[in-house]
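Hi everyone, thanks for coming. Let's take a look at the pockets in this protein together.

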Amino acid sequence: MAKKRRAKKEPEMATAVVDNPNYSRAHDGDRTNPRFITVAINPRESAIGTMLSRKLLDEAQARSATRFRALWEALGGKGAGALDYSKEHVDGGKIPEPINLRQMQAGIELKRCREMLGERGYKLVSQVCGEGYQVSELVVGKRAQLSLMDALRGFLDDLCEMWGYSTGAQRQRFAVQK
């Protein structure tokens, strides 16, 4: 009888190095004013966090996925909603605007993403980065999961290139060309 394999436990918390929000250029070089700080993150909070903690994505790919997610959430997930004219407005209350400037900018940026990635690429990135699906939830079978993960990494590399993030694949390309 074969032994049961013990499932690897995900770490409850992981650390990441991020820009210090309290950094001041006026006190640059002071050890009490670091440019970057280490913060605790929950890798199970999103599919991207899980992939990053398992080293399936590099830092630049995770940054582009996080930026995509922020744009997706700013637009409200599937897109901007319409006004509900059936609601009665309270005296003195303002009529809410159907879409604000931040949502419009997010929509324009997501449109750029869609044009760059194509329909299939945009759908995959939307499902994983925007909606939070795991790759294992989208396809059945290890081979299909590996193929989808490779495609996702490629699409995230394209977003990294569009937004000016440097990825490991791009550094390898430049090293070979030199």
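The largest pocket is lined by 20 residues, and Val18, Leu52, Glu59, Ala62 and Thr66 lie nearest its centre. Here a pocket is an open set of points on a 1 Å grid over the protein atoms alone, with protein on both sides within 12 Å along at least five of seven lines, and lining residues have an atom within 4 Å of a point. Two or more lining residues come from each of β1 (14–19), β2 (36–41), α1 and α2. Helices (H or I, at least four residues) and strands (E, at least two) are DSSP runs, numbered from the N terminus.

A word on the source: this is a predicted model, where local features need pLDDT of at least 70, side-chain atom pairs count only at pLDDT 80 or more, and totals for chains, interfaces and linings use all residues. Residues are numbered from 1 along each chain as its sequence is written, and side-chain values use heavy atoms, with hydrogens and water left out.

Which helix gives the largest share of that lining? That is α2, with six residues. Helix α2 covers residues 59–74, and its buried residues (under 20% relative accessible area, with a 1.4 Å probe and protein chains only) include Ala62, Phe68 and Trp72. They pack against α1 (47–53), α3 (101–130) and α5 (142–163). Just after α2, glycine 76 takes a positive phi of about 95 degrees.

Now for the second largest pocket: 13 residues line it, among them Arg54 and Lys142. Here α5 supplies the largest share, five residues.

Methods:
Expected span 1.5 Å × (residues − 1). Buried < 20%, exposed > 50% of the residue type's maximum accessible area, 1.4 Å probe, protein only. Contact = heavy atoms within 4.5 Å. 1 Å grid on protein atoms, 1.4 Å probe; cavity = no way out; pocket = protein on both sides within 12 Å on 5 of 7 lines; lining within 4 Å.
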